[in-house]
Amino acid sequence: MLKRLLSISLLLSSQAYAETSDVLQKKPAAFKLGFETITLPNDESMGMVGGSYLIETLPGLYLGPAAYGAITGERGGFFTGGGEITYRLPVTEQISVDTGFYLGGGGGGAAGVGGGLMLRPHIDLLWDFGGIRAGISASEVRFPSGNFSSRQLGVMISVDDTFSYSDANRIGQYLSATRRGGVGFDRIAVIAAQSKPQGNSVKTTTGAAAPDSTSYAGFLMTQSLNNGWLWGVEAAGAVKGSSDGYAEVLGTFGWEYTFNSSLRAGTRVALGMGGGGAVDTGGGALGKAAIFGTYQISHDLDLTLETGLSKAFDGSFNARYASLQLGMALDHPHASADILNRIEGWEWDASAQHYTSAARRDGSKRSMQNIGFKLNREMDNGFYLSGQAHSALDGGAGGYSVGLIGAGWESPEIIGKLRLSAEMLIGAAGGGGVDSDGGAIMQPMAYASYPISNNWRLKAGAGVVKSFKGELNSPVLDLSIGYRFGLPRR
């Protein structure tokens with residue numbers, strides 16, 4: 001039962017031939033999005049948006065990753081990330097009750113969250129409108145080390161979905177029919193961008209003039225729709241400048257035109273949350289509008305140039321930005337129906353990390369603990385790509401968050417079923433008083449892993465997290481549980 005409960009791992013995406021029905025497993029899933037207003041100390045109100053992707057692992061029991069962030073009030077930059085467990089109880093054919101619990105870490109926006117641990121028990125009453133459920137939510141938000149809690153009502157929408165995946169022992173096989181798997185994203189891109197404020201009215205949260213420019217890095221994941229339309233999600237954080245700790249998470253919708261097999265161009269808009277690093281985004285609501293051009297380097301790789309505007313709906317933040325994106329295809333949705341799907345290997349890890357001596361801006365060094373999630377995409381010859389996100393859970397660094405991307409290599413079995421691996425990661429980190437000046441960090445890690453079933457394995461690792469400019473330079477200990485699975489790819 002424990003293995004099934006830990007299926008929060010199922011979030012995204014010998015040669016043999018097999019029928020689709022013999023290989024892919026289908027699990028009911030749900031995208032959930034909610035809004036509520038919580039009360040901070042001194043009766044301050046903060047509007048908070050929460051999103052999750054939950055997969056049914058036992059009848060009625062859903063598990064998955066979730067995140068919450070500020071969108072109204074005065075705490076732009078408040079973010080937390082963690083995991084959610086929900087039980088759905090049908091009342092009638094149209095009405096259901098969801099009751100559950102969220103545990104995560106993070107903070108920011110000077111919201112007084114202490115070490116960063118956030119707990120959120122909730123109960124939702126939902127009406128089914130044919131695959132889309134909507135209703136009201138009652139919840140309690142608690143930050144135990146911040147010594148405050150808030151009870152409130154909110155609104156909730158839930159969209160039914162299906163998560164299709166294969167068992168790990170099917171990796172490398174081929175399917176007889178084309179089909180998206182996982183959450184259905186077709187492309188992931190690594191972003192390097194620079195923004196410059198527009199006008200003299202752009203200030204920091206302290207009232208000082210905004211920095212001349214800020215560099216940030218992140219990722220963009222998109223799914224192609226019909227007639228050139230696309231949608232997706234993006235996230236990024238500051239890596240250079242004086243805005244370390246700034247982060248943004250947005251949903252995006254756009255359209256692109258294909259000129260030929262090598263060249264595409266289009267436009268997109270994005271809406272979500274941003275803040276931190278003294279960037280004045282007010283309550284946190286952020287919007288973007290952009291145009292872009294894409295050159296197809298190879299069948300699976302592309303390069304995109306994008307330019308646009310980014311603006312806070314409440315604060316003074318208003319900037320023009322330019323970005324370079326290196327994209328990789330996760331699937332080819334418009335491929336011929338005669339092309340077989342190959343089952344590609346993926347792994348999703350739930351992680352607990354311990355920094356033994358994290359440098360703080362006040363000159364001290366103290367330990368801290370983070371909660372995190374990792375998504376690894378297996379390549380050839382033992383190599384893999386990795387994307388990771390971690391947030392502070394304890395250690396007086398509430399508001400500290402980090403996003404990492406990189407690559408690694410894993411050995412074959414060396415002693416029994418034991419495997420060793422090593423990876424190099426770079427990314428953006430900041431907040432919580434941790435001295436990561438500029439935001440850019442590197443994190444080399446080494447792991448030993450041992451399987452506890454065909455799909456599940458335990459991983460223990462050690463490494464170093466180091467800021468390129470700041471004083472953060474600490475040993476890192478990591479304990480993870482990982483789930484290997486396969487996603488079809490055309």
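**View 1. Lysine 459 over the face of tyrosine 447.** In this predicted model, lysine 459 lies 5.3 Å from the ring centre of tyrosine 447. A charge sits over a ring if NZ of Lys or CZ of Arg is within 6 Å of the ring centre and within 35 degrees of the ring normal.

**View 2. Arginine 88 over the ring of tyrosine 62.** The charged end of arginine 88 is 5.4 Å from the centre of that ring.

**View 3. The aromatic pair of phenylalanine 163 and tyrosine 165.** The structure holds 16 aromatic pairs (rings of Phe, Tyr and Trp, the last by its six-membered ring, with centres within 6.5 Å; planes under 30 degrees apart are stacked, over 60 edge-to-face, the rest tilted). Among them is the tilted pair of phenylalanine 163 and tyrosine 165, at 5.7 Å centre to centre and 45 degrees between the planes. Phenylalanine 163 is buried, at a relative accessible area of 0%, and tyrosine 165 is buried at 4% (buried: under 20% relative accessible area, with a 1.4 Å probe and protein chains only).

**View 4. The pair of tyrosine 246 and phenylalanine 317.** The ring centres are 6.2 Å apart and the planes are at 40 degrees, so this pair is tilted. Tyrosine 246 and phenylalanine 317 are both buried.

**View 5. A cluster linked by ring pairs.** The cluster consists of Phe31, Tyr53, Phe163, Tyr165, Trp456, Tyr483 and Phe485.

**Notes.** Residues are numbered from 1 along each chain as its sequence is written. Local features need pLDDT of at least 70 and side-chain atom pairs count only at pLDDT 80 or more, while totals for chains, interfaces and linings use all residues; side-chain values use heavy atoms, without hydrogens and water.

Conventions
Buried means under 20% relative accessible area, exposed over 50%, partly exposed in between (1.4 Å probe, protein chains only).
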